[in-house]
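Here's a quick tour of one structure, starting with its ligand and then moving on to its rings. Have a look at it first.

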Amino acid sequence: MKDKAVHILQEYFGYSEFRAGQERIIDEILSGNDVVGIMPTGAGKSLCFQVPALALEGTAIVISPLISLMKDQVDTLNEMGIKAAFINSSLNLQEFRNITLKAKNGEYKLLYIAPERLETESFWELLSQMNISIIAVDEAHCISEWGHDFRPSYTKIADMIAKLPKRPAVAALTATATTQVKQDIVRLLRLQKPYILITGFDRENLYFEVDKPTNKFDFLLQYMKKNSTNSGIVYCSTRKTVDTVCKKLNEHGITASRYHAGLSDEERIASQEAFIFDKVQVIVATNAFGMGIDKSNIRYVIHYNMPKTMENYYQEAGRAGRDGESAECLLFYSAADVITNRLLIENGSSNVDKTNEYKKLQEMVDYCNTDGCLRKYILSYFGEDNFPKGCDHCGNCVGNLERTDITIEAQKILSCIKRTGERFGSGIITDVLRGSGSEKLKTMGFDKLPTFGLMKEYAKETIKEIIAYFIAENFIDVRGDKYPILALNAKAYGLLKGEDKLYIKRIIAKEEKKAKKAVHMKKCLLYQGWGSLNLKSMGIGSLK
Ligand code: ADP
Ligand code: MG
Ligand code: ZN
């Protein structure tokens, strides 16, 4: 059977070998197993059902949501001398009758149908009279309400299959890799122990990096100056940040336009066109920008704020380097973004599953804080578990990561939170630790606490940053709505007792010899400035 598949690939399609994942999916289908194939757009999903359709007896039924796609595929197959046809609302009665008759007689190797056909039970009649080799559900995410293009008719597929005299193998294909959609596909299509394959999400030409600059704008500006001839996108989480960043860039001589849903249609269109036709170097935008934009020479995508989910991040970052040339995806992390995102979830619509939103946010935070290869993190997030340990082409693989032990600082802060009765926010805690002379602290008797002034040599921002890091990493809980109160949790007690150690990840510049590619050299220069600043201001770690 395997040889037959390769033979078909070469003979009919004229390709010498299968791409990643195709062979395995085809193997499973040919062995009679259900499969879910998740691969990005352009990876070659059609072949996964077209090859088995040709290898097996009978007619493959392909359920596909788009009339134009159906027609293209059928035309191409016919040109290759393969008998295929489609049934959808574009046919007239004569054509419909003609094709149904031929289908009944088993004249086609593939019959494409629109899902809406399944709304009429008389159509099920036709299907049950045919010898069906396999059922392929293309764009299978359409069955899920979580997907962006839910098609109610897709929910009829399982009932139709159940009515068939003999159940053929069912293959579901999509480019949507979220767990929810995947689960919906399996459940709603009632797949039987499906083989699930996720592959091809790697974008080799993209370089990933997470930065934790003390001053995001300065860091951005330095980057822009070094990339002054290249096109790029800067994503910000709010309209206000878009406006500010765009304005400041222009003031510094970087040509930038802005894009968000609060602008007039005219300005949005003008901004977009200026960017697409290279009239401006950079577009500063909220996530409203990007859908359907096909600009191939985007050399960098910078996230000025952390997005809510990895799905959002990878989709937005993935707009870089569509031409296959190398491009960079930088994310500027600050623990404050995590807190903002949590508040957004908390205050968001009560109809959504918040536990899940928090989980996704945490997975995004984990990406920002991992010491491991960023590419491996992304791919395993999307279900590709077989990626080797390092990629040599991400900030964590090529950069120099220094793990700074902040266990002592952490203990000081946590015990201060505890001693003040877990009743205050980060402002008061910071004041106590720095030994502020304010009357308020005296009235409450906090100047008598052993933690008073325990961190007086630290900058306010440093202590606040560590607290924000605790919140992001779930060492402390934030309670209360109007005045957030910090409280310890089980994880924090582990630290206080000295059972665990805590490290903060910092990238510091070493010599350039470690930087493998030219692009990374210029990055190393960038690190020097903020690396030193930051470590010094934190009063921890020494400079190399
Ligand atoms: P998808 O449905 O995953 O978006 P398609 O099935 O439309 O992708 O295929 C995208 C392109 O890749 C098509 O032009 C197809 O002919 C080509 N292709 C698919 N498989 C192979 C292969 N094994 N070798 C070379 N080209 C391939
Ligand atoms: Mg496709
Ligand atoms: Zn890596």
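A residue counts as near a molecule if one of its heavy atoms lies within 4 Å of it. Around ligand 1 there are 13 residues, and the closest are Y15, Q22, G42, K45 and S46. This is a predicted model, where local features need pLDDT of at least 70, side-chain atom pairs count only at pLDDT 80 or more, and totals for chains, interfaces and linings use all residues. Residues are numbered from 1 along each chain as its sequence is written, ligands are numbered from 1 in the order in which they are written, and side-chain values use heavy atoms, leaving out hydrogens and water.

Here are some N or O pairs with the ligand (a polar contact is a pair of N or O atoms within 3.5 Å):

| Protein atom | Ligand 1 atom | Distance |
|---|---|---|
| Y15, polar side-chain atom | oxygen | 2.4 Å |
| K45, polar side-chain atom | oxygen | 2.8 Å |
| A43, backbone N or O atom | oxygen | 3.4 Å |

On its own, ligand 1 has 570 Å² of accessible area, and the protein covers 69% of that (Shrake-Rupley method, 1.4 Å probe).

Now for the rings: the whole structure holds 14 aromatic pairs, meaning Phe, Tyr or Trp (six-membered ring) centres within 6.5 Å, with planes under 30 degrees apart called stacked, over 60 edge-to-face and the rest tilted. Y314 and F382 have ring centres 5.4 Å apart and planes at 35°, so they're a tilted pair. Both residues, Y314 and F382, are buried (under 20% relative accessible area, 1.4 Å probe, protein chains only). Ring pairs also join Y314 and F382 with F201, F208 and Y381 in a cluster.

Terms used
A polar contact is a pair of N or O atoms within 3.5 Å; within protein, one must be able to donate a hydrogen and the other to accept it, and residues adjacent in sequence count only if both atoms are side-chain atoms. Buried means under 20% relative accessible area, exposed over 50%, partly exposed in between (1.4 Å probe, protein chains only).
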